[in-house]
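Subject: Structure handover

Hello,

Here is the structure I promised to pass on. My notes follow below it.

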Amino acid sequence: MTRIERVAVIGAGTMGHGIAYVACAAGYHVALTDSEPGAAERGVRKVEAAFDRAIERGKASPEQRARALAQLVTRDDPGDAARDADLVIEAIPERLELKRALFAELSSAARSSAILATNTSSLPIGEIATAVREPARVVGLHFFNPVPAMRLLEIVRGAMTSEATVETARTFASSLGKTPVVVGDSPGFATSRLGIVLGLEAIRMLEQGVANAQDIDRAMELGYNHPVGPLRLTDIVGLDVRLAIADHLHRSFGADTYRAPTLLRDMVRDGKLGKKTGEGFYRWEGEQ
């Protein structure tokens with residue numbers, strides 16, 4: 001089983017900088033990179049802000065912040081970030097061709113013993129792994145947003161993923177304070193397949209005028225003990241991300257259950273993507 005000491009995170013967006021935060025907080029050396037100029041540095045600033053909030057809530061100390069940030073660096077490109085890593089975690093946009101191209105690069109740049117993980121929420125691990133010379137070391141590590149707060153980590157076992165890779169992923173998940181579940185490489189895995197059904201139905205109810213967004217969410221929060229309602233959660237995840245998952249599952253299964261509502265498509269077209277743009281089903285002024 002691979003011993004994880006150094007982690008590379010490819011992609012410094014919402015998920016990437018969250019993963020970098022929990023990894024360096026757990027004592028790992030972390031290299032963060034992003035193809036967009038300046039994005040990795042912005043990711044580091046968001047990690048710093050996350051530690052500041054943790055200190056305010058009494059969940060971290062200034063000493064812990066200093067130790068963790070001393071182990072977080074930025075790199076100019078994925079190959080440089082991955083070169084010394086024991087575990088590489090990809091957190092780039094949900095497009096299969098982008099992920100396959102990146103994993104082909106990582107296959108050459110990373111050490112042969114390094115585990116290559118994708119944070120995809122729905123794309124097939126097996127298809128991503130075909131870009132790698134050693135597909136046994138490819139695994140899904142599906143984190144949830146916001147990464148520091150969400151306790152679940154979904155480990156996705158591809159058809160060629162080795163048992164040693166899965167067990168190393170389990171150990172890594174536990175070291176972050178996450179609870180791992182291991183699922184097979186089926187479209188949408190377990191969590192996205194279940195979660196998207198509730199989210200899409202909530203959007204259809206809003207579209208049909210059954211209730212307003214606040215009351216739909218309140219019904220699930222108080223009636224079913226959900227910590228966050230499906231529409232607010234869609235805003236947090238990103239409407240564009242939810243639409244991509246819905247389209248992928250609709251292509252995979254052909255069922256109307258996964259057909260995206262017109263309202264969702266219209267909002268994505270209009271740039272109302274949720275929290276990251278300041279507006280979705282709710283307004284998020286100052287919270288992007």
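Phe 189 is buried, with a relative accessible area of 5%. Buried here means under 20% relative accessible area, exposed means over 50%, and partly exposed lies in between (1.4 Å probe, protein chains only). Phe 189 is found in the loop between S8 and helix H8 (191-207). Helices (H or I, at least four residues) and strands (E, at least two) are DSSP runs, numbered from the N terminus. The phi of Phe 189 is near 55 degrees, a positive value in a residue other than glycine.

Before the rest, the ground rules. This is a predicted model in which local features need pLDDT of at least 70 and side-chain atom pairs count only at pLDDT 80 or more, while totals for chains, interfaces and linings use all residues. Residues are numbered from 1 along each chain as its sequence is written, and side-chain values use heavy atoms, with hydrogens and water left out.

**Other backbone points**

Most residues other than glycine have a negative phi, and most peptide bonds are trans. Asn 225 also has a positive phi, near 60 degrees. Asn 225 sits in the loop between helix H9 (213-223) and H10. Asn 225 is exposed, at 67% relative accessible area.

There is a cis peptide bond too. It joins Asn 145 and Pro 146, with omega about 0 degrees. Pro 146 lies in the loop between S6 and S7.

**The sheet**

Eight strands form an open sheet, in the order S3-S2-S1-S4-S5-S6-S7-S8, with mixed pairing. Two strands pair if DSSP finds at least two bridges between them. At the edges are strand S3 (72-74) and strand S8 (179-184), each pairing on one side only. On average, neighbouring strands of this sheet are turned by 25 degrees against each other, direction ignored. Axes are lines fitted to C-alpha atoms, for helices over the stretch in contact, and angles run from 0 to 180 degrees between N-to-C directions.

Some detail on the strands:

- S1 and S2 run parallel and are joined by five bridges. Val 7 stands opposite Val 30 in S2.
- Strand S2 (residues 29-33) is mostly covered, with four of its five residues buried.
- Strand S6 (residues 138-142) and strand S7 (residues 152-157) pair in the antiparallel sense over three bridges. His 142 has Glu 154 in S7 as its bridge partner.

Helix H7 (residues 163-175) packs on this sheet. H7 touches strand S1 (6-10), strand S4 (87-90), strand S5 (115-118), S6, S7 and S8. Contact means heavy atoms within 4.5 Å. The direction of H7 makes about 175 degrees with that of S7.

**Helix against helix**

Helix H10 (residues 230-237) and helix H11 (residues 239-253) pack at about 100 degrees, with their axes 6 Å apart. H10 and H11 are therefore roughly perpendicular to each other. The angle classes are: under 35 degrees roughly parallel, over 145 roughly antiparallel, 65 to 115 roughly perpendicular, the rest oblique. From H10, the contact uses Pro 230, Leu 233, Thr 234, Asp 235 and Val 237. From H11, it uses Leu 239, Val 241 and Arg 242.

**Rings and charges**

The structure holds three aromatic pairs. Rings of Phe, Tyr and Trp (its six-membered ring) pair if their centres lie within 6.5 Å; planes under 30 degrees apart count as stacked, over 60 as edge-to-face and the rest as tilted. One of the pairs is Tyr 21 with Phe 51: the ring centres are 4.6 Å apart and the planes are at 55 degrees, so the pair is tilted. Tyr 21 lies in helix H1 (residues 14-25) and Phe 51 in helix H2 (residues 39-56), so the pair ties together parts that are 30 residues apart in sequence. Tyr 21 counts as buried at 11% relative accessibility. Phe 51 is buried as well, at 3%.

The charged end of Arg 232 sits over the ring of Tyr 282, 4.1 Å from its centre. The criterion: NZ of Lys or CZ of Arg within 6 Å of the ring centre and within 35 degrees of the ring normal.

**Two more residues**

His 17 lies in helix H1. His 17 is buried, with 16% relative accessible area. Apart from neighbours within four places in sequence, His 17 is in contact with Gly 11, Ala 12, Gly 43, Lys 46 and Val 47.

Arg 67 belongs to helix H3 (residues 62-70). Arg 67 is exposed, at 54% relative accessible area. The C-alpha atoms of Arg 67 and Ala 25 are separated by 8.3 Å, with the two residues 42 apart along the chain.

Best wishes
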